[in-house]
Structure formats: C-alpha cells, structure tokens
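User: I'd like to learn how to read a model like this one, feature by feature. Can you take me through it?

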Amino acid sequence: MKTLSIQDLERIRKSAQADLQIREESNKRTTEASCGLALGTPSLQVLVCGGTGCKASASHDIVDNLKKAIEENGIADKVEVITTGCFGFCEKGPIVKIIPDNTFYTQVEPKDAEEIVRQHIIGGKRIDRLLYTDPKTDKSISDSKHMDFYRKQMRIALRNCGFIDPENIDEYIARNGYFPLATCLTEKKPADVIDEIKKSGLRGRGGGGFPTGVKWELTAKQKADRKYVVCNADEGDPGAFMDRSIMEGDPHSVIEAMTICGYAIGASKGLVYIRAEYPLAIHRLKVAIEQSRAYGLLGKNILGSDFSFDIEIRYGAGAFVCGEETALIHSMEGKRGEPTLKPPFPAEQGYQGKPTNVNNVETLANIPIILDRGAAWFRTIGTEKSPGTKVFALAGKINNVGLIEVPMGTTLREVIYEIGGGIKGGKKFKAVQTGGPSGGCLTEKHLDTPIDFDNLLAAGSMMGSGGMIVMDEDDCMVSVARFYLDFTVEESCGKCTPCRIGNKRMLEILNKITEGKGTEEDLRTLKTLGQVIKDTALCGLGQTSPNPVLSTLDNFYDEYLAHVKKKVCPAKKCKALLTYAINPVNCIGCNACAKHCPADAIIGSTRKPHIIMPEKCIRCGMCVSRCKFNAIVIC
Amino acid sequence: MPDIKLACDIAEQVEAICDKHGNDPGELINILHEAQHLQGYLPEEMQRIIARKLDIPVSKVYGVVTFYTFFTMTPKGKHPISVCMGTACYVRGSEKLLDEFKRQLGIDVGETTPDGKFSLDCLRCVGACGLAPVVMIGEKVYGRLQAADIKKILEELE
C-alpha cells in the first residue's frame, strides 16, 4: 500500500468511526433496557476480553463458540464478535460485553456462549446468573458504569483497552489515533513537541517519576549521526501487568508515541525491549507494527513528510535488572544485562554509544492523548506535581483484583475500599505494598495519603511501576520482606558488592528470624546493612532493594520483635514457629486428616479424637485443608 | 558437563539461525531465543557452535546464557510445571503449592524427574492475578489452585 496522506488518514477515520459509533454511543450512556434482535435492535457487537488473564480462562474458546452459534443462527450479518484488550476486572474474568445495551457479563465460560446468543442477542433477555452482583446491595448490575470498581476510575493510558480491537489499526485511527503524529509532522517543530510534553508535567511511569519532557530535551540536545528511541517493556515487577495490558490492548498508542518521540529528539529508529514471557503482547505488537508499515505510518517519509522512522523488537530473557536503563541497553546489545554508572546518561551515550531516549510503556501511552487534548487539559487531572493518572495492578487479599487507572491524588483508601471492594473474606487490612521489590509496605495510617510520586516516597515506599498488593491480618510482614529480598538476591546481577553480598547477608538474617533463631542484634544489623546498601549500590535495583525490609522494620517492628524475642509468628505464617494440634472437642475421628497427612504424623482410631505427633509433623497444613470440622488448631 | 553431540540437523539449524542474524554478536540474545526453541534448552555444544559462528569466546555465550533465567541448559520435562511466584500469588499461598509439587515429584526447583515427565520451575507473574495462586503446566494455566488438588492433577497428566 502506498504511503498515506493526511487526507487518506482522515478518510479512514471517517469510515472506521461509523463502525465504532455503536460502541462510542453506548459508552456515553447508561442503558437499563436490554437489546436483542427480536426487540428490533438492528445490530449488536459482542466484545470479548482477549487479555492474558481472561485468555487463561479460555476466552478464545468463548469467541469461537459465539461465532459458531451466530453462524448457526444465521445472524452473522447483524452481530459482530470483537476480541478486545483487557477490561481490567480480572477478578471476574472472562468478561463479555454486549453493545449497545452495555451488558457486562462476568466469569463467562465457553459453554455459556450459545445461551448468550440465543437468549440475549436474539431474544433480548439478559442472563441474570452471568451478571455482576454488587456485594453491598446483593443486587445484580448490568452496566459496568454502575460498579464501584469502575466508578472512580479514569482511563487515559488504558483509554482504548477493552474498547477497540487491538489488531485493527482502523479502530485506533477512529479514536483519533495517529492524528497527534500527523499534527506534529505538519504543524509543530520538534522543540514545540518537547515543550508541550514539558508543559504537561508528565513524569516517567516506570517508577522513577523523572519528567518525560526534560528527558526528551536532553536527548534532543545531543549532536550525533544516529539516535534511538527505546520503549522499556521489560515489566519485571512480580505482580504488575499494566504495560503488558497496554501492549495487548492498545499497541498502536505505543508505536505512535515512539514515532512522535523520534521526531522530537531527531531519531529515526525505535526499539521495543519486551519480555519474552509476554507472547501475546509480542504478537499484538508485531501485528501493529506491520499494519503501521503497510499504511506508511512507519517507514520512509511518514505521511508525506521528510521524517522517517521504524521500529524493531528486541526480546528480554528474564532479568529484573534489565528494567534499569543502562542494563537494558547492554542487554539489547546482546550482552549480560549489567548496569553501568551514570553519567554518562543514555541520553548522552546509550545504545551502541549513541544518544538514546528510554521511556516506559505507560508513559508512552500518555503521549498521543496529551498532544491531542493539550498539556493544559492533562494538567487538570491529578495533582500539581504529578499530573495525570496512574495505572495500578491491584492484587492480593482484595475482593476486586484487576487493572485500574485513577487520577493521581486518589487516596489508598479509595483504591482499596471503593474500587477494590475491601479485603477478601471480611478480614482486617494490614498493609499495602507498592513499588514491588523496590518499594515498601504502607499501613492503616497511610490510607488517606493521596497517591502521587512524592507522597509515596515520603511515606517510605515508592510509586514503582504500579504493582499494588494488599495484605491482610494473615500475612506475616517478616515473610513478605523475606519474599522480596529473596527475589532481589536472585535477580541481583552481581556486579557491585553491596547488592551482591549485602542483600545475601540480609536474606540470611531474615531466614534466621523466620526460623526462630534471630536476635534483637539481628534487627539492628538489618537496619544498618540496609542503609549501607541504599547508599552504596551501583544501580536503582540495589539502591532500592532494602526498602521492603526497612519499611516493614519501621512499620511492623513489634512483629519482628515477636519473632526474635517470643519466637512466635503473630500471623501464623512462619512454619518453624508453629505447632499444629487437634482440638479433641471438635474432632469426630473421621480420619480425613490422617489419610492425607504426607508425613503420617496423625494417629487415632476411627470416631475417636486424633493426635498430631509434633516430632513427625512437617507443618504443611494439609490437615487444615482436609478437616471439615475446624478441629486443627495452629499455635 | 557431559559432552553430548548434537544431531547433525540441529547443528545445521543453529548455524542457519546465526547466519540469518548476520553472525552479529549484537544479536546474541535473539539467536539464543531461537536456538533454545529448537530443543527447549541450550546444551554446551550448541553454545560452542554459536560462539564459533559469531567469532566470540564461548565464555561470553555461556555468560549470557547463565545470566538470564529464560535460558536453560537442562532439558525440560514432558510437562514443564511453572509455579507463579509473583507477589499476588505468593500472598495467596503459592509457596505451599511449590512445596507440595516438590514433595509429590521428589525434585527441587530447576530439576526434571528421572523419567523425564515433569520439570519444576518458578516464574514471576503470568498476569493472571485474578486467578491467584496460578500454576502453568505446559501452556495450560491452572488458577485458584490448592495444595490438595495437586496429586490429582499430576495423576491426570501421567
């Protein structure tokens, strides 16, 4: 296909908008009545979530079954099935949404497809059992706009996820996609683009919060024969999956933003460094790059201008440290992903020694819409120092696990109790961990803190890439700290001594404590050692690695003390500090525990209370999961 | 390490992969990804071929292979088991699942059962946090798993 002109782009937008209109209109209103062909609805669309979470629950089979049922009923000309990106409500996935009546079906199984087609699409009657039930009122809700999970959200970076077909570039164009790029190429000088981004106050969403416009300016200033734009899609924080969802649900926004960045800084080549563990995101990105090339939105003389730009994909291979800019660049050069001292910054000497601008996926996803709506609009959202929104992967002991996007300045309480629906099983909130292995644990007293880069830092944690793991009273904070440190020790590249050896020593101390062999002296050592590592490690990974330990020491010192002084784990998690016993009052002697005990540690005759032999017990907890009479006590 | 000779056709395919990438040392990671895809792991002999083709020391190839967790030098089992150790799965009890797999299979993380049926690994977040704790066996994702379910799942895969 020939290179598009702006007029061509305009034409595509117009025709694609007609297809999208039914979705756009439904998006704006809340409908109470359901639609169906029998009720005179002329055409319907069925959106099925094709994100990794829903695909894990066979959402692709739902699509196949829906298509089959539609075919069999001879209504293929009136009903369209569209696979979209992530809707965010992973707890209730797979999600199927019917347009135009906005019916939001949750936990759909492939076998439900036929019923959806027959009863709803043709018959016009909603299927009650697939609707979401509001836990507060016990009433079912059909339109997602009425759900607490969505009410406080504001989707900017995720604006197209769960709305468009990510493998159809026309749908992206219909949503004004590639028009910001067109405006940049025809009406703006590179300096104007940078100026607009600077004015917007956008800060890097990968964790550091460095002003994006300033970063672009630094790279633009460099004089070199070649420069590079790099998209950091090496999302390594365990429990964060926003970058993946953006690439799966809206890959063109990343491609467009990289191209705009290339124009602004004077680069003609872009590289996406993506985790090999993200096969679906890689696939969608490849499809999107091909489509952009076919339209001439990547390649030579984009939209008839004299600007040329193309994008290549580079694969990561599972190393957390490669999220650090310099390590990432080494990895792209085919080397071990070890970081180097800054300066020189990548903006001065990056990939192959050339000036390189590295931005994270979510940061990039904000660029086109900022240029489309203007920096002033962006500044009206969020807080003064952290404008815009932030995407969080909300997970752990929370009712509504999922991907959420909220304006900066939203409080943790709103996120956890309103959007997240509170703690699972009515348990008591204990802590929320933000910033992954580089962040810290925040407690009850931080719940009303408005979330932004600076507030989280001041509270002893950090924004990080946006993992938000909620913990309840059953979680042991010493174990959690140990879990993160275990991760860091495994992921440390080994280049600098503080990180390689210091973290190992800290982990050994934490292991000692969870095994009931710790002392108060150990707690002091942890603090000193943690501070030394923070001050002396080479890169961001090392400098932040003691944070989970230091923040739990600050906020949960009593819990550490209980482990070392009383040798008890208050949350009953640390195996070595637990004893399993049987309460003879509750035990009816059903044998279920003894039968399943892997260590043969339970004895007793049928219909008589059993006994656990402590010397044989391996504290695996199998008996607890098998006992139906609540007779096993852990103390 | 035993000196296993690669089948001729595999060796040729590895060379072809190197040629495809212009024998460029900068493409090493991409080459290793494709080479690992051939047999599911990167035996020593394969690394030697790559080093020779790219004209770099084999120590450099080995250094990269051992740096990244995605690359492995041990063959995986027929049913590779990966227990998600992402934070969301961890707080919902994935450690217990891992212990149970270790006990049932009698192997540690990174090992393969002697009959070659199962191998056990950890991975960091498949992004199905709504289904935590999650285990992947081959391509299939098992969500909301409990230690008590594991015996049955392994028996079904026998």
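**Reading the fold and its contacts**

Analyst: Let's start with chain B, whose elements run α-α-α-α-β-α-α-β-β-β-α from the N terminus on. That gives seven helices and four strands, where helices (H or I, at least four residues) and strands (E, at least two) are DSSP runs, numbered from the N terminus. This is a predicted model, in which local features need pLDDT of at least 70 and side-chain atom pairs count only at pLDDT 80 or more, while totals for chains, interfaces and linings use all residues. Residues are numbered from 1 along each chain as its sequence is written, and chains are lettered from A and ligands numbered from 1 in the order in which they are written.

User: What does the C-alpha trace of chain B span along its principal axes, and what percentage of its residues count as buried?

Analyst: The C-alpha trace of chain B spans about 50 × 30 × 20 Å along its principal axes. As for burial, a residue is buried if 20 or more other C-beta atoms lie within 10 Å of its own, exposed if 12 or fewer, and partly exposed in between, with C-beta atoms placed from the backbone. Of the 158 residues of chain B, 39% count as buried.

User: How do I read a helix pair, say α3(B) and α4(B)?

Analyst: Take the angle between the axes, which are lines fitted to C-alpha atoms, for helices over the stretch in contact; angles run from 0 to 180 degrees between N-to-C directions. Under 35 degrees counts as roughly parallel, over 145 as roughly antiparallel, 65 to 115 as roughly perpendicular and the rest as oblique. Here α3 (residues 44–54) and α4 (residues 58–67) of chain B have axes that come within 8 Å and cross at roughly 125 degrees. That makes α3(B) oblique to α4(B). Their crossing is right-handed; a crossing is left-handed if the near helix is turned anticlockwise from the far one by less than a right angle, and right-handed if clockwise.

User: Which residues make the contact of α3(B) and α4(B)?

Analyst: Two residues are in contact if their C-beta atoms, placed from the backbone, lie within 7 Å. On α3(B) these are Gln47(B), Arg48(B), Ile50(B) and Ala51(B), and on α4(B) they are Val58(B), Val61(B), Tyr62(B) and Val65(B). By class, six are nonpolar, one is polar and one is charged. For the classes, Ala, Val, Leu, Ile, Met, Phe, Trp, Tyr, Cys and Pro count as nonpolar, Asp, Glu, Lys and Arg as charged, and the others, Gly among them, as polar.

User: And at what angle do α19(A) and α20(A) pack?

Analyst: Helices α19 (residues 497–514) and α20 (residues 520–536) of chain A pack at about 160 degrees, with axes 10 Å apart. They are therefore roughly antiparallel to each other, and their crossing is left-handed. Among the contact residues are Met506(A) and Ile509(A) of α19(A), and Leu526(A) and Leu529(A) of α20(A). The classes come to nine nonpolar, five polar and three charged.

User: How many residues does each chain give to the contact between A and B?

Analyst: Chain B gives 37 residues and chain A gives 40. On the chain B side, the elements giving two or more residues are α2 (28–39), α4, α5 (87–91) and α6 (94–105). That side has 21 nonpolar, 11 polar and five charged residues.

User: Which residues touch the most other members of the largest nonpolar core?

Analyst: A nonpolar core is a set of buried Ala, Val, Leu, Ile, Met, Phe, Trp, Tyr and Cys residues joined through C-beta atoms within 7 Å. Of its 240 residues, Val46(A), Leu66(A), Val254(A), Ile260(A), Ala393(A) and Val134(B) touch the most other members. Helix α11 (residues 251–265) of chain A gives the most, with nine residues. Not counting residues up to four places away in sequence, Leu66(A) touches Val46(A), Val81(A), Ala113(A), Ile116(A) and Val117(A).

User: Is Leu303(A) buried or exposed?

Analyst: Leu303(A) counts as buried because it has 20 C-beta neighbours inside 10 Å. This residue lies in the loop between α12 (279–294) and β9 (310–315) of chain A, and its phi is near 50 degrees, a positive value in a residue other than glycine. Asn630(A) has a phi near 60 degrees, also positive, but counts as exposed, with 10 C-beta neighbours inside 10 Å.
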